[in-house]
Amino acid sequence: MEATRALPKNKGVMRENRKWLCMPYGVFLVLFIILPILLIFCYAFSDADGHFTLNNFIDVFSPDSSGTTFKVIGQSLGVAALTTVICILIAYPIAYILANSKFNKNAVLVYLFLLPMWINFVIRTVATKQLLIFFGLDPAMHPWICSIIGMVYNYLPFAILPLYNTMLKLDKSQIEAAADLGASPVQVFFKTIVPMTVPGIVSAATMTFMPTMSSYVITDALSGRTIKLIGGQIEHQFLHSQLNVGSVYAIIMLALIGLSVVFENFFSEKKKGAR
Amino acid sequence: MNAENTIISLKNVCKVFDKSFTAVDDFNLDIKRGEFVTFLGPSGCGKTTTLRMIAGFDMPTSGQILLNGQDISLIPPYKRPINTVFQRYALFTHLNIYKNIAFGLQYKRVDDLTKPLKDKEGNPILDENGNQLYAKRKLTKDEIRAKVKYALNLVDLEGFEKRAVSTLSGGQQQRIAIARAIVNEPEILLLDEPLGALDLKMRKEMQLELKAMHKKLGITFIYVTHDQEEALTMSDTIVVMSDGEIQQVGTPKEIYDEPKNAFVADFIGESSIFTGTVQKGNKIKFLGASFDSDPADEGKFALNEKVDVVIRPEDVIISPKDEGTVNAKIVSKIFKGMHYEYITMVGKNEMIAQSTKNYEEESVVGLSVDPENIQIMKKPFTSNYYDGHLTKHCHVSFAGIHASFDVLKLFPGYHLSEEGTLINDKGEERDVEGLQVSVEVGFDDIELSDDPNASDLHGEIINMIYLGDHYEVTVWNQDVDEEFIINTPDLWNIGDNVSLVIKEGGVEVKLKGGR
């Protein structure tokens with residue numbers, strides 16, 4: 001009798017104890033995510049002496065400097081958007097071929113495309129620069145072309161992977177059904193394959209768009225520092241001890257990333273709704 | 001068959017996958033306009049592959065598919081006036097019900113009656129039958145809406161236009177899949193095991209509805225299933241397939257009552273299959289007794305020919321002991337609602353019987369069969385056939401012989417232990433004792449010897465025929481009352497007592513259907 005009564009109580013204690021298992025994660029969360037964000041906000045809303053002020057924001061968006069600010073934001077969005085579109089256009093057919101067992105019998109080819117990901121991207125970028133010069137494309141003369149080539153090269157694997165994963169799960173019978181119902185191969189592609197791969201397209205877009213916005217090392221190396229991304233701006237401010245203004249730029253970048261997350265959710269919600 | 005009435009015909013169609021696996025072998029079939037044809041067979045028999053070739057998803061390796069006399073075997077699926085209902089529905093999950101059904105309609109082109117085609121001089125352009133040809137146009141939105149509504153009405157799902165596919169039950173999705181196919185008014189509707197994923201009650205309902213739909217629409221239906229009951233319920237014509245080949249084509253009644261071979265008999269409905277010997281006076285011997293055989297079969301078989309005998313459970317008449325043709329012991333009894341199903345043992349052979357009367361298990365009863373219910377089918381006349389059973393040490397016992405054979409061929413994945421029992425890789429033992437088998441010994445696999453010690457099996461030569469380059473000798477063993485036919489190059493005399501030596505590997509053993 002005693003033993004049976006004791007059992008549920010023990011279980012309850014164990015469940016209580018288990019809660020402590022999440023402690024390391026909690027510490028990590030506070031130390032490396034919440035605290036830094038709070039710090040950024042503190043710096044952004046205070047002056048060099050630590051008093052509360054809105055001057056940092058006013059400075060960034062003041063008539064003298066708003067030109068640079070908007071140029072930086074515009075260039076960040078532009079580079080990110082261009083890279084994303086080109087990446088998806090290149091990655092889509094590659095992923096389709098890789099996912100098709102007729103062409104890619106043992107998935108080895110996938111690794112071939114993912115191989116560059118395992119090399120540090122600074123080294124990759126320096127190498128890209130030399131390669132481009134070798135081919136007669138001087139970054140100083142063609143900053144946009146060279147930067148986009150560098151960006152696409154670096155982020156292509158991030159676009160291929162999610163697309164490849166969606167295409168592996170493609171419902172072949174729906175494709176056959178579309179052909180059966182009278183859709184030509186082109187119509188089958190746009191009416192069934194593209195809609196079915198929307199989740200892959202959305203995650204490929206987020207995987208490339210968000211990091212490219214701030215990958216200033218690549219643009220710095222491949223545009224002769226003529227294209228300034230928001231990440232570069234933050235670095236510049238912090239290196240020149242402008243912690244407060246730099247924090248404002250960091251908040252702007254957070255806002256942009258937040259916006260693209262909202263955008264992505266909007267698309268995946270829409271996808272779910274249609275099911 | 002009237003050629004004009006034939007909508008589709010398959011001529012010598014073969015399909016070979018990866019250069020080695022033959023899925024469909026020399027398939028020849030004509031299907032009449034408006035017919036309900038079912039391809040029936042176990043999985044892997046090539047029925048779905050055949051359907052996919054008609055739909056255009058697979059190209060035949062060789063042979064022709066003629067639709068209204070035109071070879072369509074190389075035309076892509078979207079150009080064929082054929083629609084398919086897929087096994088797993090294959091509805092477009094990114095579209096709602098209305099758009100799913102309207103999918104095919106947006107590509108459909110119809111005659112624009114306001115625009116008759118004219119040549120340069122203004123004369124009307126006619127087709128070969130002298131009918132006016134018209135320019136083609138797309139369907140209007142109103143036409144599409146009306147057709148979708150009609151199709152939804154037909155499958156009893158009015159008002160489902162706005163619903164998402166995921167909100168529908170399996171049965172409803174199946175109906176939408178059917179609506180999506182028939183809304184295009186195809187010449188042929190292909191159905192690939194469409195009811196496989198539904199529960200029993202739903203399946204029965206849909207069977208009747210599909211049958212009614214077929215009647216109402218007048219479209220040719222080609223239906224693929226492995227469910228023999230479904231095939232019997234719905235079809236005008238059943239095509240029984242096995243190993244990529246047609247076994248039999250016929251109406252459900254023909255297939256059930258007059259199966260052409262043991263495979264069809266075994267696959268369609270329940271049956272007990274035995275090896276019988278044709279005897280004098282229109283009798284057939286099996287289960288150790290002599291049965292009167294169907295007068296209609298008289299003269300179709302040679303004397304002493306080995307044949308397959310098929311008995312349907314419902315044709316077995318159970319009577320008190322010693323009043324039937326053979327006595328049998330009831331070993332198991334299952335109540336099936338309308339009747340009892342008994343598994344009885346006649347000696348070492350199993351016979352399934354049905355009766356509304358209640359008999360006790362373990363009791364001995366008499367069994368008999370009306371002559372017209374005994375189905376006799378030819379076996380290839382190159383081997384001796386016997387009913388047998390396996391013994392404890394993986395030998396086979398038949399016709400009074402214990403013979404060894406390659407038992408591992410019957411049970412892939414097993415090996416023999418030191419004690420001579422069957423063991424698989426996990427160490428599980430398999431008890432094979434008493435398993436029912438059919439045994440085949442080729443005429444060339446037995447040798448005759450006049451040395452009485454050459455084997456345990458002896459017999460008397462009762463018949464001998466000279467066949468040009470060899471003799472066909474019939475040996476009768478008195479103890480077990482069995483006959484053996486042997487091909488031999490040597491001359492023997494009728495009445496000689498001989499020993500029979502079965503050659504190494506000469507015994508072919510097959511397990512009997514599923515039990």
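Reply: Two residues are in contact if their C-beta atoms, placed from the backbone, lie within 7 Å. Among such contacts in chain A between residues at least 6 apart in sequence, 72% join residues at least 24 apart. This is a predicted model, in which local features need pLDDT of at least 70 and side-chain atom pairs count only at pLDDT 80 or more, while totals for chains, interfaces and linings use all residues. Residues are numbered from 1 along each chain as its sequence is written, and chains are lettered from A and ligands numbered from 1 in the order in which they are written.

Me: What makes chain A more spread out than a compact globule?

Reply: The secondary structure of chain A comes to 13 helices and zero strands, where helices (H or I, at least four residues) and strands (E, at least two) are DSSP runs, numbered from the N terminus. The radius of gyration of chain A, taken over C-alpha atoms, is 25 Å, well over the 19 Å that the globule rule (2.2 Å times the number of residues to the power 0.38) gives for 275 residues, so chain A is more spread out than a compact globule.

Me: Why is helix 7 of chain A called mostly covered?

Reply: A residue is buried if 20 or more other C-beta atoms lie within 10 Å of its own, exposed if 12 or fewer, and partly exposed in between, with C-beta atoms placed from the backbone. In helix 7 of chain A, 20 of the 26 residues are buried.
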